[in-house]
Amino acid sequence: MKIFFHLGRYWLFMASLFGKPEKFSIYRRRVLEEMESIGVSSLGIVSLISVFMGAVITIQTVYNLVNPLVPLYVVGLVARDTMIIEFSPTIIMLVLAGKVGSSIASEIGTMRVTEQIDALEIMGINSSGYLVFPKMIAAIFIAPFLVLISMFVGIAGGWVAGELSGVIPSTDYIKGIQYQFLPFNVTFAMIKTVVFAYLITSISSYQGFYTDGGALEVGQSSTRAVVYSSVLILIFDYIITQLILI
Amino acid sequence: MIEVKNVSKGFGEKQILKNVSHRFEKGKVNLIIGGSGSGKTVLVKCMVGLFEVDSGRIEYDGRNFSEMNFKERKPIRQEIGMLFQGSALFDSMTVEQNVMFPLTMLSDLSQQEKTDRVNFCLQRVNLPSSHKLFPAEISGGMKKRVAIARAIAMNPKYLFCDEPNSGLDPKTSIVIDELIMEITEEFQMTTIINTHDMNSVITMGDNILFIHKGEKWWSGNEQEILKSGNPEVDEFIFASKIMQHLRK
């Protein structure tokens, strides 16, 4: 029965975000700040993970490609499609669930236990709207850019790994990444990214907002934010894939 | 003036407040006292709207606050200043930004007017040169003073203080008490303080409400409380050795 309580409270929480902002200019500034905090500060980790994902996909595909009838450029095609369709949107968003989700839950949770949220409410400010709405908008806008960068860096990482290890010539790899390219795959990845960004920010904010207690509970909220966001990302990955691709 | 009329509040099976009624006077320091778990904080949170009452009403100068929705409460909330037990300053903002925050969010003042108001409030709490410091860089007493400055920034009619002396040394506690008394008189606010501090009770209790087991047990002023004759009140007031000595 507890799940229904949380589902009901979650939807009420979501509804509370969309009240009229006290000042649009403040919200606009907060969205930009959150874009910097969520997006720009994650650029390093996103690039690092992507370059290695691309490199490993390339080498493993070459290793598993034992049939001499299959042309070598397929390696580039596999690296491209794996990065675009699955790895960049899903794995990168799972990483962001850990990095951004825990940060949001602990920030809002700490504000709750130190009565900063109560202070906002007593002033007559819509605390959930002020704290959460800018984070959500920022994540929904900035996450697609992170995923696009991840796709580019991942595919480039595969090319560099293939070149450095000598397992696939550049010409084959480049032919592979151009071969039968479907722009819809990028659109599909963007749809997934936007849904995942919403899940991460809304679930983490919900967990932080309803933290009750002290430092221990803030830590627990943060953990729950990461676990629930990750699980829901995987579930929605399956649902969206089935809805759109099949 | 704030009036609490037959207010009851419970959580699940547990009844915390039982038919509490009291009038908190304008221009006076009104104290709510009582033992731990007596329901003081719940009463204050009901009064400011952080908790909804189960029954009864809370009136701000005749306006029935407890029956209003979030939107209707907004004008009253902007007349309320609150000093929290832990100060509740925004960690990511400087002292100046903290005090300016309600002005930025809720007023249409120009930047210069806001800066002037912040300077006035910080000077009023004797912190004229701490504008650029962050809450983590100042002492507990300074945090309380910044929180008072933020609470009075919007020129409130009602000031709530939740245990303003907790965690402070006796000397700083006296400074905070004096500051609260001065601004209450200066701005003619209805000030409500939830406290355990006996020094506060004796020095500034214009109107004291003693809550025991969620009920209004006794009310009076600082003179009357010392000779109330009420066993529960006496047990609370004369719990410390110093107070027992004074009584003798």
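Author: A polar contact is a pair of N or O atoms within 3.5 Å; within protein, one must be able to donate a hydrogen and the other to accept it. Keep that rule in mind. The model is predicted.

Reader: How many residue pairs in polar contact lie between domain 1 of chain B and domain 2 of chain B?

Author: Three, with both residues at pLDDT 80 or more. The side of domain 1 that touches domain 2 draws its largest share, eight residues, from helix α6 (residues 170-187) of chain B. That side of domain 1 divides into nine nonpolar, three polar and three charged residues.

Reader: What makes the pair B:E186 and B:R124 a salt bridge?

Author: Their side chains meet at 2.7 Å, N to O. The cut-off is 4 Å, between a side-chain nitrogen of Lys or Arg and a carboxyl oxygen of Asp or Glu. The pair is Glu and Arg, and 2.7 Å is within 4 Å, so the name applies. Between the two domains the count is two salt bridges.

Reader: Where are the two domains of chain B?

Author: Domain 1 takes 2-79 + 159-247, and domain 2 takes 92-155. Their centres are 25 Å apart, taken over C-alpha atoms. Their contact takes 15 residues from domain 1 and 13 residues from domain 2. The buried area between them is about 1,200 Å², with 71% from carbon and sulfur atoms. On the domain 1 side, B:Q78, B:L179 and B:F187 lose the most area, together 40% of what that side buries.

Reader: Why is the pair B:K74 and A:E22 called a salt bridge?

Author: The side chains meet at 3.6 Å, N to O. The cut-off is 4 Å, and the pair is Lys and Glu, so it qualifies. The count between chain B and chain A is one salt bridge. Four residue pairs are in polar contact across that interface.

Reader: Which element gives the most to the side of chain B that touches chain A?

Author: α3(B), with six residues. That side divides into 15 nonpolar, five polar and seven charged residues.

Reader: What is the area buried between chain B and chain A?

Author: About 1,900 Å², with 66% from carbon and sulfur atoms. In that interface, 27 residues of chain B are in contact with 17 residues of chain A.

Key:
Residues numbered from 1 in each chain as written. Chains lettered and ligands numbered in written order. Predicted model: local features only at pLDDT ≥ 70, side-chain atom pairs only at ≥ 80, totals over all residues. Heavy atoms only, no water. Domains from an automatic or database assignment. Contact = heavy atoms within 4.5 Å. Buried area = accessible area lost by both parts, 1.4 Å probe. Polar contact = N/O pair within 3.5 Å; in protein donor to acceptor, adjacent residues only side chain to side chain. Helix = DSSP H or I, 4+ residues; strand = E, 2+ residues; numbered from the N terminus. Nonpolar A, V, L, I, M, F, W, Y, C, P; charged D, E, K, R; others polar.
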